[in-house]
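Let's take a friendly walk through a protein model. Have a look at the sequence and the 3D view first, then read on.

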Amino acid sequence: MLQPLTVYRVLGANGAHSRLDIARAHGLTPLVGRAQEVGWLVERWEQVKAGHWHVVLLTGDPGIGKSRLVQSLKDHVANEPHVRWECRSLPYYQNTALYPLTELFQRAFQWQHDETPDEKVGKLEQTLRQYRLPVQESVPLFAPLLSLPLPEQHYPSLTLSPQRQRQKTLETIVTILLEQSEQHPVLFIVEDLHWTDPSTLELLDLLIAQTPTASLLTLLTCRPTFQPPWGHRSYLTEVTVNRLAQPQIERMTTHVAGGTPLPTQVLRHIVEKTDGVPLFVEEIIKAILESSDLKETDGRYALMGSLSTFAIPATLQDSLMARLDRLVTAKGIAQYAAVIGRQFSYELLQAVSHVDEGMLQHDLGKLVEAEIVYQRGLPPHATYLCKHALIQAAAYQSLLRSTCQQYHQHIAQMLEARFPELVETQPELVAQHYTAAGCAEQAVGY
């Protein structure tokens, strides 16, 4: 007997811009031990609303909670009149000029797949007019960023040197931001500066130099290895996000465990091993609960056996790999996805993995259920995002070097054969995969 088939119709993008936006559907772990930092950010925002200006740089180790602090401020201002520009850097685009802004603009224009280039140019023109910019001069500056062909009869080639064209592009973007700040307070977020391309850093330097004239809060995040290219300014503050103290770890542990207390000796061991890193705390607790070492009885967890036989991973890498190992076949899919990148499409993963469609959807479902990845949309039009860069790194580093190279080469070849539009607009991706595969000759062309 045939089973009924459920059919879905895609209505549009869901508006999620980050992994935390997607994760909220599953429920975020409460933010603990950050009341001072959150209060400080809210205070700065209140000053911005009063016409002042601020630049805040949140610095901290991977997994320490920088993005959660950004999310807290976003939640606070959600129901207030304001303009928010939010973008982030990715490791594959460290040498792609203005990638964070380009991705932001493509989201903002809400271009559809079936729109013609002329229709897209029309949307660009309409947007630029809102900011009182000369369309004839501004459209040719933005079109190259957006991989948008221009009709030559309407827009002749610019007679500027590449350096001057680049400078005018940066100045125009800053002009748009400042224009918006005259109407409403602006929250401009750029995450992961340690992966940001030089052109975007130059844009930030240009913007920060003019910030005192605007009702603008520029909120930036980075790892400690990042060295800001701009000098000291009175309105620029760097905040180091510190590790959690023991009482905060215990509160977080109780919540992740669903309110059921863990044995004291297990809790003490978690405190010792996690070193106060929130992501580490969350991942290790999940690894423990997924194991058979604990048993819930009478509203409490009991340790099965002695603590000496209780395997709590000593590092976050071990913890993440232990969770991947328990996913069995889904681990292989996670590894292939990690080679593609932190964000990947179902269509590309299916093309390169050669896994049966039913099995692929089953394994991806397991990864989503385990919160290894977050899903947006439905297959075959779904896209996926690794929960954290450290999870992607753990899956990637678990592969043999020779296997990694084979995967990278296969992905590059599949991009060339099946995704010509992506190759045209993002040749750096193909170059990255060929470089990692050791195919220098093919990489140089891209």
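Which residue in β7 is the bridge partner of Leu-294? That partner is Leu-303.

## About the model

What you see is a predicted model, where local features need pLDDT of at least 70, side-chain atom pairs count only at pLDDT 80 or more, and totals for chains, interfaces and linings use all residues. Residues are numbered from 1 along each chain as its sequence is written, and side-chain values use heavy atoms, with hydrogens and water left out.

## A hairpin

Strands β6 (residues 294-297) and β7 (residues 300-303) run antiparallel and are joined by four bridges. Two strands count as paired if DSSP finds at least two bridges between them. Two residues sit between the strands of this hairpin, and Asp-298 takes a positive phi near 55 degrees.

Helices (H or I, at least four residues) and strands (E, at least two) are DSSP runs, numbered from the N terminus.

## A mostly covered helix

Now for helix α12 (residues 316-325): seven of its 10 residues are buried. Buried means under 20% relative accessible area, exposed over 50%, and partly exposed in between (1.4 Å probe, protein chains only). Among the buried ones are Leu-316, Met-321 and Arg-323. The buried residues of α12 pack against α11 (278-290), α13 (329-340) and α16 (389-397), with contact meaning heavy atoms within 4.5 Å.

A search of the whole structure for disulfides (pairs of cysteine sulfur atoms within 2.5 Å) turns up zero. For Cys-386, the nearest cysteine sulfur is that of Cys-404, 14 Å away. Cys-386 is buried, at 8% relative accessible area.
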